[in-house]
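Hello,

Here is the structure we spoke about, for you to open alongside this message. My notes on it follow below.

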Amino acid sequence: MALKALDIYKLLPKKNCKECGDPTCLTFAMKLAQGKAEPDLCPYLDEEAKNILGASTRPPIQKVTVGMGTLSFTVGEEFVFYRHEKTFYHQPGILYAVSDIESDDRIREVTSQVRGCKVTRIGIDLLLNGIAISADSGSSERFAEAISTVVSGNPDLPLVLMASDPAVMEAGLAVCGNYLPLIKGAGDQSCEAFCSLAKKYGAPLVVSGSNPERLAANATKCSGLGVTQMMLDLSGTEGEFVRTSTLVRQTALARSVPGLGYPVFLDARTTGFSGLITGIVKFASVIVVNPLSRTEMQAALVMRQNIYTDPQKPIQMTPGLYRVGTPGRDDPVFLTVNFSLTYFTLQGYLESTRRSCWLLIVDTEGMSVLTAVAAGKLSESVVKDAIEKFALGDEVNNKTIIIPGYASPLSGRIEEYTGWKVIVGPRDAAEIASFIEEELK
């Protein structure tokens, strides 16, 4: 069971020596409770306290990395059941499935879809994560050939290998084992053989079980056999997955069953797009799905981004002076905040007008316009500092700035404080085109 800050504080030496980097032992205890510090930072802890704190403060769900290189991805290390309690840290990997009974041309086509997938939203590139290859032919040779087809030219693409026969799996690992694929096949009767392969190649292992108790037992067995990175296979119908994944997450966070403290694997090939979405919102860490339509793929990637964005820290743009089109010295200057969604919404409407202009982005700590005004994060001093910092006067002739409609209460103070003329723009970015046509002729 995770310890609370006061429980941790009772185990600390209470010297307030600051050698851990924090001003007091209580501050250090609070960081330990939040998983933001390690017990070893305190030089005065005895071994018993270190053992207790280490077990309590390390992530209740083990970290697992799939693949190697720039495209590898990490899952696990989650601390909460509800996203708003803190945040979710590692978004699930989404991998398209191919079968070794498919033609090499089809396998190359799906691989190309994954490599070419990129959805850019609020300045962030959203990508698929890799390819899952299933050994449906039963042939070691054909499985190895299918893997070679994927790996050829794509050695950095993370892989999941799915085979129930250890001999077939070993043939596949002989082709790509150096790339640290995730291997799936360990069950009630095959733990030893698959654990041997996982240890030989240093690959993470997916463990299956007929029920949560059996699953936990198999994971504990694999751990005892020396496998250091594991995932739990919770594949099934959507209803079964939701029930089991909820139970596993609650049990892992409570630290009551160590064998369930691992990320979750979901094979959504039979449930398709709806199963993928269910996996994203209900704790799956690696999801295998048959190739989707472009619309479904975009929806899934955006859903994943939304769920795995820190609710306490909005996505922010870097403050600065941005160009829309090719603005000159006499083109208008629009001011807005550094909340990414606000910036990209406004940018899109401005681009649609085909009127070149400047965008001055001020630092409001990622707050929207209305929130920033109410919280005092958007003020005349903030605007003045931005004008000076980004040398706006060196880029434009007319000392005029257009502020958002929701910032209209600040217009007079901004004019007085900066010496720039202020024009109040529309509240809704969708009205930008008519505003430019009527007010900026």
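Thr149 is buried, with a relative accessible area of 12%. The model is a predicted one, so please read the values below as computed from it. Thr149 sits in helix α5, which covers residues 140–151. Its side chain makes a polar contact of 3.4 Å with the side chain of Asp104. Asp104 is also among the contacts of Thr149 beyond four places in sequence, together with Ile107 and Arg108.

Thr246 is likewise buried, at a relative accessible area of 16%. This threonine belongs to helix α9, residues 238–254.

Strand β7 runs over residues 159–162, and all of its residues are buried. Leu159 and Leu161 point one way, whereas Val160 and Met162 point the other way. In a regular strand, side chains alternate between the two faces of the sheet.

β7 pairs with strand β6 (residues 130–134) in the parallel sense, over 4 bridges. In that pairing, Ser134 stands opposite Met162.

Leu161 stands opposite Ile183 in β8. A right-handed β-α-β unit is made here too, from β7, helix α6 (residues 166–176) and β8.

**The nonpolar cores**

The largest nonpolar core has 69 residues. Which of them touch the most other members? They are Tyr96, Ile131, Ile133, Leu159, Leu161, Ile183 and Leu205. Helix α7 (residues 191–201) gives this core its largest share, 6 residues. A second, separate core has 22 residues, including Ala386, Val396, Ile401 and Trp420.

Leaving aside neighbours within four places in sequence, Leu159 is in contact with Val66, Leu95, Ile131, Ile133, Ile147, Val150, Val151, Cys176, Pro181 and Leu182.

**Helix α7**

The buried residues of α7 are Cys191, Phe194, Cys195, Leu197, Ala198 and Tyr201. Seen down the helix axis, they fall within an arc of 160 degrees, so they line one face of α7. An α-helix has 3.6 residues a turn, so residues three or four places apart point the same way. The buried residues of α7 pack against α6, β8, β9 (205–207) and α8 (212–224). After α7 comes Gly202, with a positive phi, near 65 degrees.

**Phe73**

Is Phe73 buried or exposed? Its relative accessible area is 8%, under the 20% cut-off, so Phe73 counts as buried. Phe73 is in strand β2, residues 73–75. Beyond four places in sequence, Phe73 touches Val64, Thr65, Val66, Gly93, Leu95, Asn129, Pro158 and Val286. Val66 and Leu95 are also among the contacts of Leu159. The C-alpha atoms of Phe73 and Asn306 are separated by 18 Å, and these two residues are 233 residues apart along the chain.

Regards

Methods: Residues are numbered from 1 along each chain as its sequence is written. This is a predicted model: local features need pLDDT of at least 70, side-chain atom pairs count only at pLDDT 80 or more; totals for chains, interfaces and linings use all residues. Side-chain values use heavy atoms; hydrogens and water are left out. Helices (H or I, at least four residues) and strands (E, at least two) are DSSP runs, numbered from the N terminus. Buried means under 20% relative accessible area, exposed over 50%, partly exposed in between (1.4 Å probe, protein chains only). A polar contact is a pair of N or O atoms within 3.5 Å; within protein, one must be able to donate a hydrogen and the other to accept it, and residues adjacent in sequence count only if both atoms are side-chain atoms. Contact means heavy atoms within 4.5 Å. Two strands pair if DSSP finds at least two bridges between them. A crossover is right-handed if, with the strands pointing away from the viewer, the path from the first strand over the helix to the second runs clockwise. A nonpolar core is a set of buried Ala, Val, Leu, Ile, Met, Phe, Trp, Tyr and Cys residues joined through side-chain atoms within 4.5 Å. The arc is that of the directions from the helix axis to the C-beta atoms.
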